Amino acid sequence: MTALHAHHAPSRIRWSAPPQAVLFDLDGTLADTAGDLVGALNRLRVQRGLPPMPLETLRPYASAGARGLLGAGLDIHPGHDEFEPLRLAFLAAYAQCLSETTVLFEGMAELLDQLEARGLKWGVVTNKPHRFTVPVMDGLGLMARAGVVISGDSTAHAKPHPLPLLTACEQLGVPPTRALYVGDDLRDIQAAQAAAMPSAAARWGYIGHNGDIADWGADVIATTPLDLLHFLD
């Protein structure tokens with residue numbers, strides 16, 4: 001697939017057969033979890049005698065999880081002596097505030113209703129650890145509704161490896177070519193491409209830290225959740 005610039009991005013996906021399922025990334029795609037993630041990072045900053053950073057400054061890094069937030073908020077990166085202890089401290093802090101401010105993005109609840117009304121299956125494929133994914137999905141009231149939930153530690157590999165997406169399709173009983181994967185991070189699109197699955201880049205998400213969304217090579221770019229309905233025809 002070639003990279004498509006925004007004004008050249010196609011307005012539809014050429015399905016070889018009618019789509020049967022939509023799979024979503026969690027952080028920054030299905031739900032706005034940035035407030036709780038940034039809250040956890042700011043607890044670490046305060047413990048180190050640093051002032052909290054504004055949500056909007058750290059928001060673009062929320063999809064990259066501990067790695068992205070520790071890099072942006074504390075300038076500590078993988079390979080640094082402090083990275084692993086800080087990663088564990090971040091996860092411990094986040095465990096205390098998993099669903100304090102987390103909500104679905106505007107239009108997402110209506111989209112899920114529409115998918116179910118159309119008889120389409122839907123689920124979540126996230127790199128978030130399972131012990132965090134389930135409480136967040138429960139807090140949103142969606143755990144029982146989702147057809148499948150695959151977390152970052154559910155399979156032997158996390159995204160951008162295709163295995164999580166392929167596993168989700170297997171559990172749903174849907175071929176990858178008949179599912180749409182929606183994500184707000186470059187690795188989401190890379191995972192979909194590796195799984196031979198149509199992809200949609202979520203412009204409403206936490207984009208901005210890994211290049212121009214138009215250069216990711218997604219099949220389509222969606223500005224709002226409800227835009228996705230146009231790509232399922």
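Q: In this predicted model, how do the lining residues of the largest pocket divide into nonpolar, polar and charged?
A: Ala, Val, Leu, Ile, Met, Phe, Trp, Tyr, Cys and Pro count as nonpolar, Asp, Glu, Lys and Arg as charged, and the others, Gly among them, as polar. The largest pocket has a volume of about 420 Å³ and is lined by 24 residues. By these classes, the lining holds 10 nonpolar, four polar and 10 charged residues.

Q: Which helix gives the most to the lining of the largest pocket?
A: Ala-64, Gly-65, Ala-66, Asn-127 and Pro-129 are the lining residues that lie nearest the centre of the pocket. The helices α3 (65-74), α4 (83-95) and α8 (186-194) each supply at least two residues of the lining. With five residues, the helix that gives the most is α4.

Q: Is α3 largely enclosed or open, and which elements are included in what covers its buried residues?
A: A residue counts as buried under 20% relative accessible area. Seven of the 10 residues of α3 are buried, so this helix is largely enclosed by the rest of the structure. The buried ones are Ala-66, Gly-68, Leu-69, Leu-70, Gly-71, Gly-73 and Leu-74. What covers them includes α1 (34-47), α2 (55-58) and α4.

Q: Is Lys-128 buried or exposed?
A: Lys-128 is placed in the loop between β4 (121-125) and α6. Not counting residues up to four places away in sequence, Lys-128 touches Leu-26, Asp-27, Leu-37, Tyr-94, Thr-133, Val-136, Ser-151, Gly-152 and Asp-153. The cut-off is under 20% relative accessible area, so Lys-128, at 6%, counts as buried.

Q: Which residues have the most contacts inside the largest nonpolar core?
A: In soluble globular proteins, nonpolar side chains tend to be buried together. Here the largest nonpolar core has 56 residues. Apart from it lies another core, of 16 residues, among them Ala-21, Leu-23, Ala-179 and Tyr-181. Inside the largest core, the residues with the most contacts are Phe-24, Leu-115 and Leu-228.

Q: Which residues does Leu-228 touch, not counting those up to four places away in sequence?
A: Leu-228 is among the residues with the most contacts inside the largest nonpolar core. With sequence neighbours up to four places away left out, the residues touched by Leu-228 are Phe-24, Leu-111, Leu-180, Val-182, Ala-200, Trp-204 and Ala-222.

Q: How many disulfides does the structure hold?
A: Cys-97 is buried, with a relative accessible area of 3%. Cys-169 also counts as buried, at 2%. A disulfide needs a pair of cysteine sulfur atoms within 2.5 Å, and the number of disulfides in the structure is zero.

Q: What is the omega of the peptide bond from Lys-159 to Pro-160?
A: Pro-160 is found in the loop between β5 (148-150) and α7 (163-172). The bond from Lys-159 to Pro-160 is cis, with omega near 20°.

Terms used: Residues are numbered from 1 along each chain as its sequence is written. This is a predicted model: local features need pLDDT of at least 70, side-chain atom pairs count only at pLDDT 80 or more; totals for chains, interfaces and linings use all residues. Side-chain values use heavy atoms; hydrogens and water are left out. On a 1 Å grid over the protein atoms alone, a cavity is a set of points where a 1.4 Å probe fits but cannot get out, and a pocket is an open set with protein on both sides within 12 Å along at least five of seven lines; lining residues have an atom within 4 Å of a point. Grid points are joined across faces, edges and corners, and a volume is the space filled by probe spheres set on the points. Helices (H or I, at least four residues) and strands (E, at least two) are DSSP runs, numbered from the N terminus. Buried means under 20% relative accessible area, exposed over 50%, partly exposed in between (1.4 Å probe, protein chains only). A nonpolar core is a set of buried Ala, Val, Leu, Ile, Met, Phe, Trp, Tyr and Cys residues joined through side-chain atoms within 4.5 Å. Contact means heavy atoms within 4.5 Å.
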